[in-house]
Amino acid sequence: MSPADLPALGLAELQALFRRREVSPREALEALHVRIAEVEPRIEAYLSLDFEDALAQAERADVNLPLGGVPIAIKDIISVAGQPCTCASKILRNYRAHYDATVVGKLKAAGAIPFGKTNMDEFAMGASTENSSVKRTRNPWDLSRVPGGSSGGSAAAVAADAAFGALGTDTGGSIRQPAALSGVVGLKPTYGRVSRFGLVAFASSLEQAGPLTKTVRDAALLLNAIAGPDPRDSTCLHDSVPDYSANLGRELRGIRLGLPREYLTEGIDSQVRTALDQAVAQFTSLGAEIVDVSLPHTEYAIASYYLIASAEASANLARFDGVRYGHRAENPLNLLDLYGRTRAEGFGPEVKRRIILGTYVLSSGYYEAYYARAQKVRTLIRRDFAEAFAKVDALLSPTSPVPAFPLGERSADPLQMYLADIFTNAANLAGICGISFPGGFATTQAGTRLPIGLQLLGKALDEGQILQIAYAYEQSTDWHKERPPLRAQKTSSANL
Ligand code: GLN
């Protein structure tokens, strides 16, 4: 295989070549480096790269380990020892992590090579990556559109073959929604399945790290590596980790898939709706049974998510005070002036909006009316899912009501941006798992093809099941084989 073709591979394919000694980790890393240099000016997915360190790791790689020698891109909210960890915020502009997050330690133990940090919405607050204080990542399918967010750098890098696979984080949809908009696979694990130690905290009761990959099998491989108990994260579950690849290939006969009635209402783009209808037919032909279900409190999910997430953010982000981390205002008059100006200069508008909202809903007099009520709604949403999962094995929906939207279209209107999570954030409130995978294409008026993502939600700790169902769909369709024009141009010129 010519080096120029290597970046198009997924993790499992790359590893097979390593193990047959047809390609070395060094060659793969060099090919990736060339590819990144070629596409990065157009997509701007990375905030930092360290190929020198990665090459040293590649030289020592043991290809017999589960991810031996495989380079993995890491969202810039996850600590990798010695590398920058900026959360795309000015307040952490010069900060480097002093230790590995548990997920990164586990990846390294499995032989993987973290080589670069990907762009994101500042502190993971957003759904388009436009809230990055550094740059705007573009969607590889249409450079005038967003890649989704907040893990938009990871999604765009994987979609454009500028990464073999990546880690993101999902607080309300930030792995699944960019995966959908960029045409890749993204999995949000059950709350507590994966350690949060070493992630910069945004909303601690909601978020999980997880994989963004080219295939469902690759998502299972990455999850195998990062899941499991961690004595350094007390919210991490003690349950043992099954082999998530084990059920891939099992047939779907007897599987019951619920279609949540409340997700099929107004606001869904007609081409997204058509893709869902086709998926329903496809799942039926694969032997699954489709069942109508209700999640009656769906309409309150967005409101309760943004209250709870902002409340937690306001507490978590209090640590950025100019004393311990990153940016510090110059010539402070006194301590209060230091805090005030450091934070005014360091945080972007969306982060400030959430800190203000979060502080407000936690303040005495408003706590009961907003925060406590949002927590009660959260319980009702959890209950909705428990009742649905008593009838079905998993829930099927679009991941996003619309395909990738144009850069700038929603950035001035926070409420429009918040609505991007309408099908994803209830899963975080309930702590269950979810996966987004390619399920078709929409065509714009200009004739551009944009990926559509489908979402499967599963019970807590049922990642094996949603992976199995998504895999069966993926193997029976060709959507995941399609490549953005960035890549098509490359392959055709390489073939000449
Ligand atoms: N878009 C949601 C938000 O802005 C989700 C973000 C995330 O999952 N990190 O909070």
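## A walk through the predicted model

Let us start with a pair of charges: Glu 40 and Lys 135 form a salt bridge, with their closest N and O atoms 3.6 Å apart. The pair links distant parts of the chain, since Glu 40 sits in helix H2 (residues 25–43) and Lys 135 in the loop between E3 and H5, 95 residues apart. A salt bridge here is a side-chain nitrogen of Lys or Arg within 4 Å of a carboxyl oxygen of Asp or Glu. Helices (H or I, at least four residues) and strands (E, at least two) are DSSP runs, numbered from the N terminus.

Before going on, a word on what you are looking at. This is a predicted model, in which local features need pLDDT of at least 70 and side-chain atom pairs count only at pLDDT 80 or more, while totals for chains, interfaces and linings use all residues. Residues are numbered from 1 along each chain as its sequence is written, and side-chain values use heavy atoms, leaving out hydrogens and water.

How covered are the two partners? Glu 40 is buried, with a relative accessible area of 12%, whereas Lys 135 is partly exposed, at 21%. Buried means under 20% relative accessible area, exposed over 50%, and partly exposed in between (1.4 Å probe, protein chains only).

The structure holds 26 salt bridges. Among them is the one between Arg 176 and Asp 170, at 2.9 Å from N to O; both of these residues are buried. Lys 481 and Asp 478 form another, with their closest N and O atoms 3.1 Å apart, and here Lys 481 is exposed, with a relative accessible area of 54%. Arg 26, Glu 30 and Glu 59 are linked in a network of salt bridges.

In helix H4 (residues 102–109), the buried residues are Thr 102, Val 103, Val 104 and Leu 107. They pack against strands E2 (71–75), E3 (113–118), E4 (165–170) and E6 (208–213), and against helix H7 (216–226); contact means heavy atoms within 4.5 Å. Just after H4, Gly 111 has a positive phi of about 100 degrees. Helix H5 (residues 152–159) is mostly covered, with eight of its eight residues buried. After H5 comes Asp 161, whose phi is also positive, near 60 degrees.

The loops deserve a look too. Asp 321 lies in the loop between helix H9 (301–316) and helix H10 (335–346), and Asp 321 is buried, with a relative accessible area of 8%. A polar atom of its side chain is 2.9 Å from the backbone nitrogen of Val 323. Leaving aside residues up to four places away in sequence, Asp 321 touches Leu 338, Tyr 339 and Thr 342.

What about the cysteines? With a disulfide taken as a pair of cysteine sulfur atoms within 2.5 Å, the count comes to zero. Cys 236 is in no disulfide, as the nearest cysteine sulfur, that of Cys 433, is 15 Å away. Cys 236 is buried, with a relative accessible area of 4%, and Cys 433 is buried as well, at 0%.

We finish on the surface, where Tyr 360, Tyr 366 and Tyr 370 form a nonpolar patch with about 280 Å² of accessible area together. Patches are made of residues with over 30% relative accessible area and no salt bridge, joining like charges within 9 Å and nonpolar side chains (Val, Leu, Ile, Met, Phe, Trp, Tyr) within 5 Å. The areas come from the Shrake-Rupley method with a 1.4 Å probe, and for residues only the protein chains shown count as cover. Tyr 366 itself lies in the loop between helix H11 (349–362) and helix H12 (367–389) and is partly exposed, with a relative accessible area of 36%.

Methods: Polar contact = N/O pair within 3.5 Å; in protein donor to acceptor, adjacent residues only side chain to side chain.
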